[in-house]
Amino acid sequence: MQTSNSEIESLMAPHSHALRESQPLRPVVYRNDEENPSYRNHPLITCLPPALSVRDAQRELALEPPARPADFTKLPLQIRKEFASEAGHIYVPYRDANEALSQLVSVLRGAYLHKHPLDKDFMRYLHNIASSGRTQIMPRHRNAVGPAGGMIIIGPTGSGKSSTLDRFGAYIGDYARLHTSLCGLPCYWPQIPFIRMTAAGVYTKKQAARQIATIIGRHLNDSRVISTVERTADYDNHIAKLLNTYLVGFLIVEDIQLLSRMKNEVKWEILSFLIRLQENGIIVICVGTILLQTVLEAHRSETEKLRSLGTIWIRPAGKGNETRNLCIKMWQRQIGEHHVEMPDWLPEETGRFTAGLRRHVPELFVPLFKKMADDKLKKLSRDYFCSLAEVALSHIAPGVVIMNRAYQGKRVDSDELKKFEEYIDCDLYKRNVIHRNEVLNRYLKRRASRSKSVTGST
């Protein structure tokens, strides 16, 4: 299984000379604490952070601004108001995000399982690239079962999908690692853990290919990678070669739900592009709102590959501890002269005005903190809070009313359901309606039974 180093003097990735002349890439650092026996001494995995349990993921996800100076309340009001925006830089971990980060890290590490320098097939692949100076698609490994998989990340607009991916990128490190030696063999080979692109504004394979090539070029500090797209008509193979050659773990494609608004031929062109990348060894992670389901269902048999690794749901903040923990962290960033105690009713009202959509919580608390500071408030009343919330979140109020009704299983007009389809999972809504009706029926039966017993006794 081991390749003799005498066969090859060194391994140079395409564009290596240009890479050396440009801004140098970050040299790789290997860990020696890998717990998975199958991954120990695997340089393409030990150069990445370790696997995360759900509990570890919660610790890694947490983010909040640094502590304020001791004399903060003595600063001028206008200066303190500048600190109000800190509410938008808080990330409070929650169950869905914890599980998402843990799964994404696991999938990324697994993407390199068959790309081990001690594997003769993998080293032959790198040698062929180095010898020809051209990017190539890695042949399917003899131990691989089927093409690369795909995963779906789905949730309503504003639920925290992009923020979760931001925290994933912060944990992994969104930069190319430079390997200068692989199992004792000198080399100059970049490894890009993941590429993150968006489907917004993408209507053709060429546009998708250009965006991916641009991101690769940015990682390699070489804009000439982009020009290679202009010299080909086979975008599927060209991008698959780039992603394979530069050891990309997986491709993240955000805003896939936007394809639902396009003509079927355009939609299928982009989906088939992603499926071809999978068939050529690239794991694809599709991210979108509830409408993502509509996009995939339109071509169900073909798009099964895009969800073969499962689905990760990023739901709105749930009632109870999730919303309460978020409010507690936000409340610590108030800017008034006087410390105002957080009312017990605040999480409930925050959930009512935001429907649990995390994106809109800072939109509520930033103006709230500023107004409280202006008014030198010492105690927050429910009326004060609700009056401000109605103004600050007026732009989402109609959708929030519909969402709250849907989450509670109350009937929603079909036109309204269609209007807010990016927020509401219709299947879940139907289940909520059925559950609510069952609960009401049980209650009515018990009430009728008690009434009969009371009538009989009299």
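This is a predicted model: local features need pLDDT of at least 70, side-chain atom pairs count only at pLDDT 80 or more; totals for chains, interfaces and linings use all residues.
Local features need pLDDT of at least 70, side-chain atom pairs count only at pLDDT 80 or more, and totals for chains, interfaces and linings use all residues. Residues are numbered from 1 along each chain as its sequence is written, and side-chain values use heavy atoms, with hydrogens and water left out.

On confidence, pLDDT (the predictor's confidence in each residue, from 0 to 100) averages 86 over the chain, and 84% of the residues score at least 70. Residues 1-7 fall below 50, yet this stretch has eleven contacts (heavy atoms within 4.5 Å) beyond near neighbours in sequence.

Helices here are DSSP runs (H or I, at least four residues), numbered from the N terminus. Here is helix 5 in brief:

| Helix 5 item | Value |
|---|---|
| Residues | 95-110, 16 residues |

Buried residues (under 20% relative accessible area, 1.4 Å probe, protein chains only) of helix 5 include Asp 96, Ala 97, Leu 101 and Arg 109.

Ala 97 lies in helix 5 and is buried, because its relative accessible area is 0%. Leaving out residues up to four places away in sequence, Ala 97 touches Leu 61, Tyr 91, Thr 164 and Ile 314.

Now to the nonpolar cores, sets of buried Ala, Val, Leu, Ile, Met, Phe, Trp, Tyr and Cys residues joined through side-chain atoms within 4.5 Å. The largest has 94 residues, of which Phe 168, Ile 216, Phe 250 and Leu 274 touch the most other members. A second, separate core of 36 residues includes Trp 331 and Cys 386.

Notes: Helices (H or I, at least four residues) and strands (E, at least two) are DSSP runs, numbered from the N terminus. The expected span of a helix is 1.5 Å times one less than its number of residues. Buried means under 20% relative accessible area, exposed over 50%, partly exposed in between (1.4 Å probe, protein chains only).
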